[in-house]
Amino acid sequence: MKLTINLKTFLLFLIPFMGMTQTSKIKILHSNQTYRDQKQYPGAMVLNGNVQVEHQGALLTCKKALFYQLENRLYAYGDVFVNQADTLTQKSDHLQYDGDSQKALSWGKVVVKDKDITLTTDTLHFNRATQVLTYDCFGTIVNQDNTLTSQIGEYFANDKKLTARQNVQVVNPDMNLKTGHMDYYTETGRTYLYGPSTIINKESELYTERGIYDTRLSLGYLLKNSIIYHESNEIEGDSLYYNKLKSFASGTGNLVITDTVNKIIVTGDYGEVYRDKDSIIVTKRPLAISTVEKDSMFIHGDTLSITGPEKNKLMKVFHHVKIFKSDLSGKCDSLVTHQGKGITELYSNPVLWSGANQITGDSIRLISDLETNKLDSLNIIKNALIVQKDSVGYNQIAGRNMYGKFENQKLTSLLAKGNGAVVNYARNEQAELTAIMDMECSNIQFNLKENKIQDIMFLKKPDGKTYPPAKFPEDRKLIKGFIWRGAERPLKKEDIFIHD
């Protein structure tokens, strides 16, 4: 079968597709003088004086231009001004424009305005097809909120977004942000930070290696290796949130809050800091660490809060509270520390271990020297009982209330006041059991050496006797209220996280 195609029909079919492949041409609207100079400007049409050209909705004016019609290119000189559909304007000394690719290169005092932002730089690449402007020789973007500078920048006009790199800085009257790489949204003032970044304002300093910061609302979401500096406090965590207007910060995951003045560190998995209220609260695996002469005390509970001004902090720890220090450990259901008074109080079935001594009572108060922060004394309020384990029994000191003194972190004396009682296994220098004392007296004074009872003084007439070991009555071995709680004692700092 022979196929015959009419030439006229073929051309009518082909012409629409040929039109689709053509690129719109740059149009000359006005020039005071138009001429060609093939020797000086081969292939170009010279436009001189009040030049006006148009291309795809953009109007360009300048003093002089070279128009390469076949290549659809234009070189503009002197007071170059581009108006793109009243959405974006640009000024520069020089401009090269390719009508086919819609790419422009401008240099010399380049100023771009896009609604509420102004971009200035020395050299600028502009892709009109993608509406992306790029500079790599330092640029500045200014809007009503911030001034941003960077060595390299890529502005996406459609998204109102600037990707800035190298020596990036965002400043306003209240803030100075520095980073090496960020995305900045000019309409919202929100920044996305990549790499080491610092944000400094009058109240705080923030550091992060990845995060989001809202420069208008002063909100920060810090997501990697982040720290917030609040005067004497430092806050670190896997994820930190910062709200300047509310003077609030919170942290999640490996949270560390450091009080550099009071030498207290608080850790946990979630916590909140209220700066105006001088308040810290940690609710997931909280741990308070305080240092006294290179020896740290660790305190853990279900919830921990610290409130109050410097040098007068009040720390409260609630539920499943445990304490560990190299020479002191303890347990209770709630604990309160008054920093300004040097007093720590343990409530609800408290127990302390100091050396070989187990100390219990309805409540226990520890008192520290305010100058040295060393443990000075303790008060045991109601049902006071101190127990030491002996190989054949338990040394016991009881009283309604009891008052003790510490020297070099060791218990050296005790006063049992009211309903005093003692069971003491006396041993000679060879550690041989020689006698067992069972006495009651309203007030009894004890002196201890190396955590062992050295002297006993009855301040009033006692009642009881001292027995030979073999004749000590079985029913007198334990003072009323006795309980041995050695299995609950934290032996290392990790033990304070164990709920008995």
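This is a predicted model: local features need pLDDT of at least 70, side-chain atom pairs count only at pLDDT 80 or more; totals for chains, interfaces and linings use all residues.
1. Asn 167 is exposed, with a relative accessible area of 58%; exposed denotes over 50%, buried under 20% and partly exposed the range in between, computed with a 1.4 Å probe on protein chains only. Asn 167 belongs to strand S13, where strands (E, at least two residues) and helices (H or I, at least four) are DSSP runs numbered from the N terminus. The phi angle of Asn 167 is near 55 degrees, a positive value in a residue other than glycine. Most residues other than glycine have a negative phi.

2. Residues are numbered from 1 along each chain as its sequence is written, and side-chain values use heavy atoms, with hydrogens and water left out.

3. Ser 348 is not a glycine either, and has a positive phi of about 65 degrees. Ser 348 sits in the loop between strand S29 (343-347) and strand S30 (351-354). With 41% relative accessibility, Ser 348 counts as partly exposed.

4. Strand S13 (residues 161-172) also holds Thr 163. Thr 163 counts as buried, at 7% relative accessibility. The side chains of Thr 163 and Asp 183 are joined by a polar contact of 2.7 Å. A polar contact is a pair of N or O atoms within 3.5 Å; within protein, one must be able to donate a hydrogen and the other to accept it, and residues adjacent in sequence count only if both atoms are side-chain atoms. Not counting residues up to four places away in sequence, Thr 163 touches Ile 152, Gly 153, Glu 154, Phe 156, His 181, Met 182 and Asp 183, contact being heavy atoms within 4.5 Å.

5. Asp 79, in strand S5 (residues 73-84), is exposed at a relative accessible area of 53%. Its side chain makes a polar contact of 3.4 Å with the side chain of Lys 63. Neighbours within four places in sequence aside, Asp 79 is in contact with Thr 61, Cys 62, Lys 63, Ser 92 and Asp 93. Between the C-alpha atoms of Asp 79 and Leu 415, which are 336 residues apart along the chain, the separation is 95 Å.

6. The largest nonpolar core has 91 residues, of which Leu 60, Met 182, Ile 299, Leu 335, Ile 397 and Phe 446 touch the most other members. Strand S36 (residues 433-449) supplies the largest share of this core, six residues. Another core, of 12 residues, lies apart from it and includes Val 387, Ile 436, Tyr 467 and Phe 482. A nonpolar core is a set of buried Ala, Val, Leu, Ile, Met, Phe, Trp, Tyr and Cys residues joined through side-chain atoms within 4.5 Å.

7. Ile 299, one of the core residues named above, has contacts beyond four places in sequence that include Pro 286, Leu 287, Val 317, Val 321, Lys 322, Leu 335 and Ile 496. His 300 lies in strand S25 (residues 295-300) and is buried, with a relative accessible area of 4%. The side chain of His 300 reaches the backbone oxygen of Pro 286 at 2.7 Å. Residues up to four places away not counted, His 300 touches Arg 285, His 320, Phe 497 and His 499, among others.

8. The structure holds two cavities of 30 Å³ or more. On a 1 Å grid over the protein atoms alone, a cavity is a set of points where a 1.4 Å probe fits but cannot get out, and lining residues have an atom within 4 Å of a point. Grid points are joined across faces, edges and corners, and a volume is the space filled by probe spheres set on the points.

9. The largest cavity contains about 150 Å³ of space. Among its 15 lining residues, Ala 58, Leu 60, Val 82, Tyr 97 and Arg 128 are the closest to its centre. Strand S3 (45-55), strand S4 (58-68), S5 and strand S6 (88-98) each give two or more residues to this lining. By class, the lining has 11 nonpolar, two polar and two charged residues. Here Ala, Val, Leu, Ile, Met, Phe, Trp, Tyr, Cys and Pro count as nonpolar, Asp, Glu, Lys and Arg as charged, and the others, Gly among them, as polar.

10. The second largest cavity has a volume of about 50 Å³. Its lining consists of Ile 257, Thr 258, Asp 259, Ile 264, Val 266, Ile 280, Ile 306 and Lys 313, with the largest share, three residues, coming from S21. Five of the lining residues are nonpolar, one is polar and two are charged.

Key. On a 1 Å grid over the protein atoms alone, a cavity is a set of points where a 1.4 Å probe fits but cannot get out, and a pocket is an open set with protein on both sides within 12 Å along at least five of seven lines; lining residues have an atom within 4 Å of a point.
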